[in-house]
Amino acid sequence: MDYSGYPRNDVLCIDMRSFYASVEAVKLGLDPMTVQLAVVGDTSRPGSIVLAASPELKKKHGISNVSRFFELPDDPEIVIAPAHMADYLEVSVEITKLINQYVPKEAIHQYSVDEVWVTVNGLQKQFGTRQGVAMSIKQDILENFGITCSIGIGDNKFLAKVVMDLHAKKAGIAECRYEDVEAKLWPFPVQDIWGIGRRMQRNLNRMGIVKLKHLANFPLENLKRRFGIMGEQLYWHAWGIDLSPVFGNFTKTEQKGFGHGISLLRDYTGEEIAACILDLCEEACRRARTANKAGRTIHLGIAYSKETGGGFGRSRSVQFPTNITMDVYTIAMQLFHEFYDETSKIRHVYITLDNLYENRETQLNLFDDRPKKKDIGFVMDSIRDKFGATAILRATSYTDAGITIGRSHKIGGHQA
């Protein structure tokens, strides 16, 4: 591969090691790298997920982020910490502010709460090499927050991310240039490469593509014929080529829909689920009204409990765009009654309002006072904005099946 025509940038991919667990360890005055600590979503439920495990807990007992609370071994040295999502978001923001002292905001692309890409072009004059820049940032994060991070360095975002996943998590800092792809990336199985999930892995394996080198040497036209644009992207990634922008406003994204979902703490029956669906419709429509948007398509997704498995996802469009809660709820319940299997218990629900339009005008109806309905929604939103999310609720939210009160104490589905 002739790389001379492809851009070379100095991109870092920074990943905080066991971020949630590290934040909790620092709060308790413990060393994040030596303490056995588990962050649990809800310590009152044995089946709650372990959101994060410290490196030492992973090493000694093999605990991972998909383990359950009850699976933790009976070891007196293990520290159990309940999740505090607001703390993790606050620390993440502060770390980004620290990185902002090195580079402008346009050079920072936040990938997740604990992972970020940083373009450090031009900093070699101050730090000597890309490795020098990475070492300085790594040391700053450790000194200011007590948290260890892994850093991948690449000529583009893809190389920085993949070398971080494959090498930096063990070495601390690892680098991959275009010329290093064959030695550092090709020997790894395709499922170890960022962007290749289980389904794609199975499809590639059936074609005899097991390692990244097989993907790089597979005919491009065959990949495009089989996977379309995704096949072409896989091919170029296998050669380490990624043309994603490294500078820009990465916080501005186009809103394509407003959705809310929940994994229920217990099995719900068909009679109970209406209250949950109404709460989700209320939240989705509130967000749409806040963004001055309305949607024409309502999507309802239902997943059944493990005992029966399965579920359904169905959509229906309305004639005129809406952000009125009861409009969306009515359509959602129509879909539910039409496709629900009455013998199944429900464990997961989500509602999405999409096919968006600007909320500039209200379609008048001789038999339905839509302006008044919209005004009621905006009044309820203003009360919640001023006095809190639970300041005014529908009566069903106070029933055992309602979810709004419980969700008001959480961020990202976990305790704030």
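Trainee: Over how many bridges do strand β2 and β3 pair?
Mentor: This is a predicted model, where local features need pLDDT of at least 70, side-chain atom pairs count only at pLDDT 80 or more, and totals for chains, interfaces and linings use all residues. Residues are numbered from 1 along each chain as its sequence is written, and side-chain values use heavy atoms, without hydrogens and water. Strands (DSSP E runs of at least two residues, numbered from the N terminus) pair if DSSP finds at least two bridges between them. Strand β2, residues 36-40, runs antiparallel to β3, and the count is three bridges.

Trainee: Which residue of β3 is the bridge partner of Val40?
Mentor: Look along β2, which covers residues 36-40. Val40 has its bridge partner in β3, and that partner is Val50.

Trainee: How much space lies in the largest cavity?
Mentor: A cavity is a set of points on a 1 Å grid over the protein atoms alone where a 1.4 Å probe fits but cannot get out. Its volume is the space filled by probe spheres set on the points, which are joined across faces, edges and corners. Two cavities reach 30 Å³ or more. The largest holds about 60 Å³.

Trainee: Which element gives the largest share of that lining?
Mentor: Lining residues have an atom within 4 Å of a point; here they include Ile14, Phe19 and Val116. Elements giving two or more are β1 (11-16), α3 (85-99) and β6 (115-119). The largest share, three residues, comes from α3.

Trainee: How many residues lining the second largest cavity are nonpolar?
Mentor: This cavity has a volume of about 30 Å³, and its lining includes Phe158, Trp194 and His237. Nonpolar covers Ala, Val, Leu, Ile, Met, Phe, Trp, Tyr, Cys and Pro; charged covers Asp, Glu, Lys and Arg; the others, Gly among them, are polar. The lining has no charged residue, one polar, and the nonpolar count is seven.

Technical notes: Helix = DSSP H or I, 4+ residues; strand = E, 2+ residues; numbered from the N terminus. 1 Å grid on protein atoms, 1.4 Å probe; cavity = no way out; pocket = protein on both sides within 12 Å on 5 of 7 lines; lining within 4 Å.
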